[in-house]
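Please look at the following model and read the notes below alongside it.

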Amino acid sequence: MSMEAPLVDLKAQYNELRDELDKVVLDVLSSGMYTPAGNVKALEEEIANLCGTNYGIATNSGTDALKIGLQAIGIEPGDEVITTPFTFVATVEAILQNGGKPVFVDIDPKTFNMDPAKLEAAVTERTKVILPIHIFGQMADMEAIMEVAGERGISVLEDAAQAIGGTRNGLPCGSWGVAAALSFFPTKNLGAAGDAGMILTNDEKIAYDCRSLRVHGMAQEPYLYEHVGHTSRLDEIQGAILRVKLRRLEDWNERRRAHAAIYDEAFIDSAICAPFASDETTKHPYHQYTIRHARRDDFMKHLRSKKVGCAIYYPVPLHVQPVYSFLGYVEGDFPETEAACREVLSLPVQAHLTEDQVRYAAECALSFN
């Protein structure tokens, strides 16, 4: 019997929850309440509670969560925001669309996250925000980042789009900075049936401003506007779907961790460089299981020939993307990021794989020569 190991299997996820999902969607349709109502409000409270924050503000995408979060913090034209070039483009889009200037620092080659040792040198009098990314679910070194930010009076906005369910030293992602952004894109650990996102914060004013900004900048009184805002409401159907899936999130993350452990053991003493092994201080939700390989492209072709799903996140660093050439960076500025973009490959780790499928993927990986 042939075997395969898909990178993503949203149909399997739907089949696991079919009865519950169908019911809540039909309940919303029959209610006639399609814009934010009871399900969205409850989802905001439930996710804020999971992430240890006072407020959750649902948006229609993770990108808007970043954009509105930065706007609520008070980014103004010319303000600098420090982040890394090894990330999805939304991180930098959100900075630029607020009139800010992205300032890049290189990554730690072990974790793919912002290297705190390089952070302080990037700070200037124009630095307004530090924006660390918990890439692939691996939380950044938030203690070191918060120390630099605290000494300089700089705000921290966590890009936690890939990290829901992750913790570091007992503190959840999203609870470290003044605000954080989550994404519920369908392939995330907690995924909607379309785009969705959320801003997390403990700051009452930021929460208020985010709620206003997501609905055209409207104040509490209808048709009175305080900000130049957006249309970024999360609809009730997505809220209902996410609430069903949220009840499974920890179980699904535990399955991902179990799959990662199979790979970790299999790749010992091999040419495959496994992801940084989370120690007892970190609980990794493994949005991706991302390895490094010196012959990455040939390795990827081999895996795909064996029907093992895999993907490159991300093949071209942001500092050399043509659209961002005006920032003035050139190839060679961030060698660790550039090396990662040449070597990284994500293997199947999603929760709806069987143990046999994961072991098959590991065997196929080890058979490459």
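A340 touches F86, I107, F112 and R292, not counting residues up to four places away in sequence; contact means heavy atoms within 4.5 Å. A340 is found in helix 10 (residues 335-343). Helices (H or I, at least four residues) and strands (E, at least two) are DSSP runs, numbered from the N terminus. A340 is buried, with a relative accessible area of 0%. Buried means under 20% relative accessible area, exposed over 50%, and partly exposed in between, with a 1.4 Å probe and protein chains only. Between A340 and I291 there are 9.7 Å from C-alpha to C-alpha, and the two are 49 residues apart in sequence.

This is a predicted model, in which local features need pLDDT of at least 70 and side-chain atom pairs count only at pLDDT 80 or more, while totals for chains, interfaces and linings use all residues. Residues are numbered from 1 along each chain as its sequence is written, and side-chain values use heavy atoms, with hydrogens and water left out.

The next topic is strand pairing. Two strands pair if DSSP finds at least two bridges between them.

| Strands | Sense | Bridges |
|---|---|---|
| Strand 2 (residues 80-83) and strand 4 (residues 127-130) | parallel | three bridges |
| Strand 4 and strand 5 (residues 155-159) | parallel | two bridges |

E80 has T127 in strand 4 as its bridge partner, and I130 stands opposite V156 in strand 5. From strand 4 the chain passes through helix 5 (residues 142-152) to strand 5 in a right-handed β-α-β crossover. Right-handed here means that, with the strands pointing away from the viewer, the path from the first strand over the helix to the second runs clockwise.

How do helix 1 and helix 7 cross, and at what angle? The axes of helix 1 (residues 10-31) and helix 7 (residues 236-246) come within 9 Å and cross at roughly 140 degrees. Axes are lines fitted to C-alpha atoms, for helices over the stretch in contact, and angles run from 0 to 180 degrees between N-to-C directions. On the helix 1 side the contact residues include L17, L21 and V24, and on the helix 7 side they include I237, A240 and I241.

Helix 7 is largely enclosed by the rest of the structure, because nine of its 11 residues are buried. Among these buried residues are G239, L242 and L246. The buried residues of helix 7 pack against helix 1, helix 2 (38-51) and helix 8 (249-266).
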